[in-house]
Amino acid sequence: MYVRNDTVEMDQEFPMHINKTWLKKEDFMFPYYHEHDFYEISCVLDGKGTMMVGGRRYELVPGDVVIFNQHEVHGWQVREQDLRLFVLTFKSQLIFDKVSLFDYEYLKFFEESGSHFINKIDKEEPYAKKIYLVLEDIYNEWLHDEIGRRMMMKSYVLRILTMLTRHYKNTPKSAEYSNEKNKHMERLASVLDYISNHYGEKITLEQAASKAYMSTTYFSGFFKRTMGETFSEYLIRLRVYKAYEMLKSRKMTAVDVAEACGFNNMSNFYRAYKKVMGTTPGNYK
């Protein structure tokens, strides 16, 4: 599982940014994992997608709010419709200077969240709609350079953090469970890395389970719960995605691409490609 560091430079005096962005299906058909050194609060505006974080998968629809701690690895995937997001990012320096304990309270739910922490706030939750409205207020301030713009935006961010603190006030914690979950995720990551490097070869469920140091039965269930699809489905979809990338380069024939991606005959290749991509290899080539 390749994790990209998407850390970007922010204004040191006012380390905050907000924008509306599209996650296109063609760019996020396969999970895109990344992490960054700032906090993120996003709200789904349009479309549907999936978010993966901490061994969990969350299906997203308009109105849902998602939050990420700094350096928390998370992934996005879009299979059906392009996903449009409101994205607010900021660093802790915007909130407190590591001297005021009172200001630290605004970020406490981030820093002390337990293993059962839920990164998604469902659109039906009371604070989801309120957070969206405040994001709109921040965005309007961001677009118009008026007097007191930064003070107003910071006050809105603090308002959102206060709402999140209230929402998460009863989040349970379990260090023992968290440590065990992290070990399993590390093992799964090693398997995903192996698959990514050997997708053109024969890879069985038994081989993958042994690399995760799990029984075949346990690994099969853990993989499905974590990735939202079976091991076989994931492997086929990865091979099709790799084939799609090769066909775009126009340097290989469909036969060569199929062989390089681990398909043992053209019939299986065309069937799998049509199922995943919704079209035939010839159309993309």
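Okay, let's start with one side chain: tyrosine 218 is partly exposed, with a relative accessible area of 38%. Keep in mind that this is a predicted model. Now look at phenylalanine 222, which is buried, at a relative accessible area of 8%. Both of these residues belong to helix α7, which covers residues 216–227. They sit four residues apart there, about one turn of the helix.

Is the pair of phenylalanine 219 and phenylalanine 231 stacked or edge-to-face? Here the centres are 6.2 Å apart, but the planes are at 65°, so this one is edge-to-face. Phenylalanine 219 is in helix α7 and phenylalanine 231 is in helix α8, residues 231–249, so the pair ties together parts that are 12 residues apart in sequence. Phenylalanine 219 and phenylalanine 231 are both buried.

In soluble globular proteins, nonpolar side chains tend to be buried together. In this model, the largest nonpolar core has 36 residues, and the members touching the most others are Phe90 and Leu161. Which elements give two or more residues to it? You've got the strands β2 (16–23), β4 (39–46), β7 (65–68) and β9 (83–90), and then the helices α2 (108–111), α3 (126–143) and α4 (149–167). The top contributor is α4, with eight residues.

Let's zoom in on phenylalanine 90. If we skip neighbours within four places in sequence, phenylalanine 90 is in contact with Met10, Pro15, Met16, Phe38, Tyr39, Ile41, Ile95, Leu107, Phe110, Val157 and Leu161. You'll notice Leu161 again, the other residue I named for touching the most core members.

There's also a second, separate core, this one with 35 residues. Among them are Tyr33, Ile195, Met227 and Met246.

Last stop: charges over rings. Where does the charged end of lysine 24 sit? Find tryptophan 22: the charged end of lysine 24 is over its ring, 5.1 Å from the centre. Then go to tyrosine 194, where the charged end of lysine 211 sits over the ring, 4.2 Å from its centre.

Definitions and conventions:
Residues are numbered from 1 along each chain as its sequence is written. This is a predicted model: local features need pLDDT of at least 70, side-chain atom pairs count only at pLDDT 80 or more; totals for chains, interfaces and linings use all residues. Side-chain values use heavy atoms; hydrogens and water are left out. A nonpolar core is a set of buried Ala, Val, Leu, Ile, Met, Phe, Trp, Tyr and Cys residues joined through side-chain atoms within 4.5 Å. Buried means under 20% relative accessible area, exposed over 50%, partly exposed in between (1.4 Å probe, protein chains only). Contact means heavy atoms within 4.5 Å. Rings of Phe, Tyr and Trp (its six-membered ring) pair if their centres lie within 6.5 Å; planes under 30 degrees apart count as stacked, over 60 as edge-to-face and the rest as tilted. A charge sits over a ring if NZ of Lys or CZ of Arg is within 6 Å of the ring centre and within 35 degrees of the ring normal.
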